[in-house]
Each structure stands twice: as C-alpha cells, then as structure tokens.
Amino acid sequence: MQRIKTQKLSDVIMQKLEEMILSGSMIAGQKLPSERDLAARFDVSRPSLREAIQKLEAKGLLQRKQGGGTYVQDIADPVANQPLMALISANPESQYDLLEFRHALEGIAAYYAALRAEQVNLDKIEAAYRQVESSWQAEFLVQAEALVQFYVAMAEGSHNAVLLHVVRTMQPMLLDNIERNLKVLAEHSDCGEKLRTQRLKILQAIRDADPEGARQASNEHLAFIEETLLDINRQNSRMQRTLRRIEL
C-alpha cells in the first residue's frame, strides 16, 4: 500500500499566498502585512510563514527590502522597460496595433465585469469612472492615469486572473498609448463629449449586468477612437502635401 505524503506547512502557506497574488488580493508593489499579522491570519507559526515567504522570494514573486518589509514583486516595470516594449511605444504604427489589441482586451474585461462583478467591484468601477469624469479637462497625463485605473477596475471585476495580470503588466504601455491618443483627439473639439458618452454606456452596461452590451459599447468606443485618429492622420498628410506643393 502506497504511503500518503503529508504536505509541508510552509508549502500550504506558500500556496495560499500565491492564490492571493494570482487573484489580485495582493497586487504588484504592495507591502505584505507583518509576519505576526500573517501568522495570526493563517493560524500558523512564524517560522513556517517565514519559510513560505523565502520560497516565494526564490520564485521571484516577493521581494524583501532591507529594513522596509516584504513586497509583492512589481513585474510591470521590467517588462515595460524591455527594449522591445520601448520600441513598440515609440513606433507610431505600433500604437494602432495596440489599439487593435485593446479591442480584445477591454472588450473581454467589460464583458466579464458585467457578468461577474460583485458589489465591491461595481463600487470600484464607478469610483474609477467618477475620477475619469472629474479629470476630463485636466492635463492629458492625469486623464490617462484615471482611464487606466478605470480599465484596471473592470479587469478586477472580470474575476479572470490572467486578464487582470495582463492588464496590470501592460499599464505603462496603456498609459502611454492613451495619453498620446488624447493629445491627438483634442484637435477635434467634439470628441470629448462623444468619448464621455461612450464611456458612460460601458459603465451602464456593466451596472445592468449586460455582458454583450458592455463588450459592444467598449468595441464601439475604441472603434471611434481608431477611426478618428486615422482621419486626423489622413488630414495631416494631405495638409503636409499641400504645403510641400506651395513651397515648390
């Protein structure tokens, strides 16, 4: 008869902490509670907890700062700073590729947020939306930061761990893309109100627990942005050709 192996306590604790990171209960850059508090929460000894934390440090999921506690490793910055990511951010054509990718990403986030969001998620999405509204005449970077948090809140509401971590990892790229788009869209005076109406439509579909409506509203919103940006780009190209002819 095969002997049943008992799982080591530190491995059980490690798995619980991994689940908290994966689910978004503990986010990148967040400081862990003290060992005493965590040991009390899990009802385990501090040596076992310490061993679990060390294993997660070895995996690269946690980072201990000398005299400053232990933090969830921030995986977003290294990814955003890779040469390829920098190249994508700097290339104008790649900005359109990112917009196309956002159709899938944000559409799915809106769909599953409408399907699965609990009240605490809905409250967070609405709070993020209010921040977007209050910042819509602020500097472009402030507007972009508020919009990124709105999309992160939707991803949290989706209760899809993979989607949430993709969105969080891409935050620097999303921020850059949104800020660039806002600057160009500002050339069209009527864009602001249309964008606000479209975002409200996304929020209302999530509130109404209408997954297809939320996805459609998100796709319409991004399609409008893409078409407007392309139209502005075409107009600028025509203007440049006209100026060159005049100079000749």
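Reply: A starting point is the scale for accessibility: buried means under 20% relative accessible area, exposed means over 50%, and partly exposed is what lies in between (1.4 Å probe, protein chains only). The model is a predicted one, in which local features need pLDDT of at least 70 and side-chain atom pairs count only at pLDDT 80 or more, whereas totals for chains, interfaces and linings use all residues. Residues are numbered from 1 along each chain as its sequence is written, and side-chain values use heavy atoms, with hydrogens and water left out.

Me: Why is Glu179 called buried?

Reply: Glu179 has a relative accessibility of 19%, and because the limit for buried is under 20%, the residue counts as buried. Its salt-bridge partner Lys183 is at 45% and therefore counts as partly exposed.

Me: What makes the pair Glu179 and Lys183 a salt bridge?

Reply: The term asks for a side-chain nitrogen of Lys or Arg within 4 Å of a carboxyl oxygen of Asp or Glu, and the N to O distance between Glu179 and Lys183 is 3.7 Å, so the pair qualifies. The two are four residues apart in helix 10 (residues 171-185), which means that about one helical turn separates them. An α-helix has 3.6 residues a turn, so residues three or four places apart point the same way.

Me: What makes Lys8 and Glu51 a link between separate parts of the sequence?

Reply: Lys8 forms a salt bridge with Glu51, their closest N and O atoms being 2.7 Å apart. Because Lys8 lies in the segment before helix 1 (9-23) and Glu51 in helix 3, the pair ties together parts that are 43 residues apart in sequence. Lys8, at 45% relative accessible area, is partly exposed, and Glu51, at 24%, is partly exposed as well. Lys8 and Glu51 also belong to a network of salt bridges that includes Asp11 and Lys55.

Me: How do you know that Ser48 is buried, and which residues does Ser48 touch?

Reply: The relative accessible area of Ser48 is 14%, so the residue is buried. Leaving aside residues up to four places away in sequence, Ser48 touches Leu9, Ser10 and Ile13, where contact means heavy atoms within 4.5 Å. Ser48 lies in helix 3 (residues 46-59); helices are DSSP runs (H or I, at least four residues), numbered from the N terminus.

Me: What puts the buried residues of helix 3 on the same side?

Reply: The buried residues in helix 3 are Ser48, Leu49, Ala52, Ile53 and Leu56. They cover an arc of only 140° around the axis, which puts them on the same side of helix 3; the arc is that of the directions from the helix axis to the C-beta atoms. The face turned away from this buried side carries the exposed residues Pro47 and Ala58.

Me: Why is Val162 called exposed?

Reply: Val162, which is found in helix 9 (residues 161-169), has a relative accessible area of 61% and is therefore exposed.

Me: What makes Arg196 and Glu193 a salt bridge?

Reply: The closest N and O atoms of Arg196 and Glu193 are 3.1 Å apart. Both residues lie in helix 11 (residues 191-207), three residues apart, about one turn of the helix. Arg196, at 18% relative accessibility, counts as buried, whereas Glu193, with a relative accessible area of 46%, is partly exposed.
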